Amino acid sequence: MFESFTMAQASTYAADIDNLILFIGVIVGIWFLLAEGIFFWLIWKFRAKPGEKSQYLVGKEKHVKKWITIPHALVLVCDVFIVIGAVRVWYNVKQQLPEADSTIRVIGQQWAWTFQHPGADNELDTGDDIFTVGDLHVEVEKTYHFQLQSRDVLHSFSVPVFRLKQDAIPGRSITGWFTPTQTGEHDIQCAEICGIGHGVMAARIHIEDANTHAAWISSASAATTP
Amino acid sequence: MADTVADVHQHETHGHDDHHHDQGWVSKYLFSTDHKIIGMQYMFTGMFMAVIGGYMAYVFRMQLAFPGISVPGFGQVSPGEYNALITNHGSIMIFWVAMPVLIAAFGNFLIPLMIGADDMVFPRINRLSFQVFFLSSVVLLGSLFVEGGGFGGAWTSYPPLSASGDYNQTHLGASLWLIAVALEFVAFLLGGINFITTLMNSRAPGMKAYDIPLVCWMIVIASILFMLSVGPLLAGAVMLLFDQTLNTGFYDPARGGDPILWQHLFWFFGHPEVYVVLLPAIGITVDVMATFARKKIFGYKMVLYTAVATGVLSFFVWAHHQFIAGIDPRMANVFTITTLLISVPIAEMLFVMIATLYGGSIRLTTPMLWALSFMAEFLIGGVTGIFLGASGADIYFHDTYFVLAHFHYTFFPIAIIGTFCAFTYWFPKMFGRMMNDTLGKIHFWGTIIPFNFIFIPLFVLGMGGQHRRIYNFQHFPEIAGPEYFQLRQLATIALLVMLAFQLVFFYNVIVSWMRGEKAGKNPWKANTLEWTTESPPPHGNWPVDELPTVYRGPYEYGHPDREEDYWPQNLPG
């Protein structure tokens with residue numbers, strides 16, 4: 001049944017994030033099973049029996065204390081590994097910015113996404129820019145920079161198949177990146193509550209191969225040119 | 001901190017010279033300065049608010065599972081109403097249930113009794129604290145019925161949405177919500193002063209710092225954390241109120257303000273706040289576990305020190321709520337490290353709980369079942385937090401149902417399991433009668449099993465990309481499939497079952513209160529001082545000349561020198 005809940009990995013870093021989640025899952029899963037296992041075993045083993053008194057353990061002696069201090073140290077070691085994994089992924093997705101093939105602008109407002117595509121000349125803020133509401137068109141295997149803006153309140157540009165999420169803040173332009181790796185059509189969500197229309201602030205991302213994308217650009221340009 | 005024997009035992013200075021004259025019902029129960037009555041007032045107000053919070057959860061879960069239906073007892077849910085419901089559900093459960101019940105109700109009831117004092121040091125401030133809290137509850141509930149409806153900008157209340165009626169369409173509701181929250185903080189500052197001062201100054205002769213029961217320590221550490229963290233948020237709330245009503249621009253970027261400033265102020269308070277409610281719950285469960293495992297706590301000082309360490313660390317983790325909020329991405333690395341570090345003291349506390357069971361003689365009474373389930377369930381909340389504290393994984397999980405399920409696995413054990421644990425354990429002391437154990441166990445299993453069926457599906461939905469605060473998922477084709485709806489319905493049905501079983505609890509309370517078996521002074525054979533007085537304790541807690549003296553720590557169970565397996569703190573020798 002869980003296949004329905006796994007999502008396509010449609011960006012270069014989607015697999016990295018999934019692997020990090022899996023890595024953390026294995027570590028905390030082992031701790032979880034171990035702790036619950038010992039816990040329930042102790043409850044069963046030391047259940048009250050008639051005539052038997054409990055033991056008087058203070059927990060001060062070293063050989064007793066080690067049952068706390070050793071796991072304590074192990075938790076710390078696991079934390080170090082998780083931090084290293086998390087920071088590596090984070091650095092790749094959010095901190096560094098690879099060279100872009102193209103730049104788009106994403107503008108949130110109550111309650112729709114507006115996308116500004118660079119058009120045939122591949123430059124933003126020129127006469128042939130293509131504006132769409134609710135549909136973002138990108139070409140597969142190309143690296144995009146996005147400039148994320150908001151016209152009113154906070155929004156969050158979330159593309160689950162990319163494993164990408166970034167809040168949009170009025171008065172700022174936040175730059176991020178993604179490289180789609182497979183064609184398809186997927187959900188874009190707003191992941192920050194933005195008023196009564198938050199639930200309808202949906203959009204679609206169309207990831208197209210080079211030919212389809214070029215065809216879309218020419219047809220969309222034709223449609224917008226008077 | 002007062003490490004020495006508190007030599008001043010202040011029973012004469014408390015204004016208890018009115019011990020013996022009769023008070024009217026109103027002055028005795030509504031305007032009382034008695035810490036036990038104030039504790040009860042907090043408890044019943046908190047439980048009333050919990051019923052309202054639960055009703056809200058019922059309404060919006062019905063809407064999520066069966067979008068568009070007319071919810072029985074509410075009607076059709078509009079998007080605005082949905083937002084108001086989730087916002088106020090969150091606010092109520094944290095500020096009007098977890099805090100008043102865990103800290104104020106049990107803090108008030110237990111601290112003087114457990115340290116052998118006849119009342120709080122500032123009984124009138126204590127009364128004022130409850131009155132302000134009661135006022136805040138009225139303002140909050142009133143905000144739901146004003147024009148435009150209740151505030152719907154989420155309990156985190158991020159501006160600019162929360163700062164302007166043009167954006168949130170609940171101009172009055174938003175301001176009243178903010179005023180209610182601010183009033184609630186004032187109430188808890190007043191209460192916290194009392195807890196801290198009382199613990200420092202009014203302890204029974206002989207009670208040293210390490211003889212104080214952990215639950216008292218935890219409530220006091222929580223009060224200190226609250227006092228240190230709430231200031232920035234109160235300042236932020238005043239600025240937000242000015243933005244809403246006086247049209248200032250503290251959070252408006254067009255006028256030089258910054259919306260992210262609020263997030264920093266809010267979470268600088270908001271994360272310590274998690275530990276403000278967690279620590280009392282841990283204190284309660286540790287105390288109950290010691291009593292029913294008949295075991296000394298495995299490392300009293302370890303629990304105490306890790307609680308302090310958790311408290312200190314909790315001031316350096318707030319930005320993990322803001323990884324993707326537009327803060328400098330380099331900052332995320334720092335906050336990932338501090339956030340994961342906090343797993344160390346928390347894990348140690350849980351290890352101590354587990355180790356305490358070793359060598360015990362465990363009785364599975366109703367309060368013990370609650371205490372054990374706290375440990376079992378909170379662990380799930382703890383380990384799933386690691387995914388969210390790790391910045392890389394949080395990019396995907398942020399603001400999904402995974403987050404929601406995670407913090408319900410922390411807050412439900414804290415606020416609900418912790419409360420039931422304390423309530424069933426101290427019920428005999430509060431009302432002088434035992435609760436029915438069979439009904440108690442039916443209620444226990446009827447709460448714990450559905451609880452897991454509510455929130456485990458929500459973990460799966462969150463991993464599947466379902467994001468929060470959406471009143472209807474039909475606009476997002478990838479999360480509107482039938483499998484998604486089946487899981488939503490499973491969670492909702494489990495919620496209905498869990499809510500139904502709460503009737504057993506209320507029935508049990510009423511029946512046991514009226515006709516339960518008389519409890520006597522010490523039904524659980526426990527060590528701490530509250531069990532040395534009558535049940536329920538009289539005004540002044542002990543007869544004036546019989547206030548207890550303390551000779552040993554609170555957890556001397558199974559001591560080899562004694563025939564009985566317990567050794568009350570007040571017995572000489």
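Helices, taken as DSSP runs of H or I with at least four residues, and strands, taken as DSSP runs of E with at least two, are numbered from the N terminus. The model on your screen is predicted, and for that reason local features need pLDDT of at least 70 and side-chain atom pairs count only at pLDDT 80 or more, while totals for chains, interfaces and linings use all residues. Residues are numbered from 1 along each chain as its sequence is written, and chains are lettered from A, with ligands numbered from 1, in the order in which they are written.

**Stop 1: where the chains meet**

Select chain B and chain A together: 85 residues of chain B are in contact with 76 residues of chain A, contact meaning that the C-beta atoms of two residues, placed from the backbone, lie within 7 Å. Several helices of chain B each supply at least two residues of the side that touches chain A, including α3 (79-115), α8 (259-293) and α15 (437-463). The side of chain B that touches chain A has 49 nonpolar, 25 polar and 11 charged residues, where Ala, Val, Leu, Ile, Met, Phe, Trp, Tyr, Cys and Pro count as nonpolar, Asp, Glu, Lys and Arg as charged, and the others, Gly among them, as polar.

**Stop 2: helix α11 of chain B**

Which helix gives the most to the side of chain B that touches chain A? Select α11(B), which contributes 10 residues there. Of its 15 residues, 14 are buried, a residue being buried if 20 or more other C-beta atoms lie within 10 Å of its own, exposed if 12 or fewer, and partly exposed in between, with C-beta atoms placed from the backbone. The end C-alpha atoms of α11(B) are 22 Å apart, which agrees with the 21 Å that its 15 residues should span at 1.5 Å a residue, the expected span being 1.5 Å times one less than the number of residues. After α11(B) comes B:Gly359, whose phi is positive, near 80°.

**Stop 3: the domains of chain A**

Now colour chain A by domain 1 (2-95) and domain 2 (102-224), bounds that come from an automatic or database domain assignment. Their centres, taken over C-alpha atoms, are separated by 39 Å, and the contact takes 8 residues from domain 1 and 13 residues from domain 2.

**Stop 4: strands of chain A**

Finally, select β1 (residues 102-109) and β2 (residues 112-117) of chain A, which run antiparallel and are joined by 5 bridges; strands pair if DSSP finds at least two bridges between them. β1(A) and β2(A) form a hairpin with 2 residues between them, and A:Gln109 stands opposite A:Ala112. β2(A) also pairs with β3 (residues 130-133) of chain A in the antiparallel sense over 4 bridges, with A:Gln116 opposite A:Phe131.
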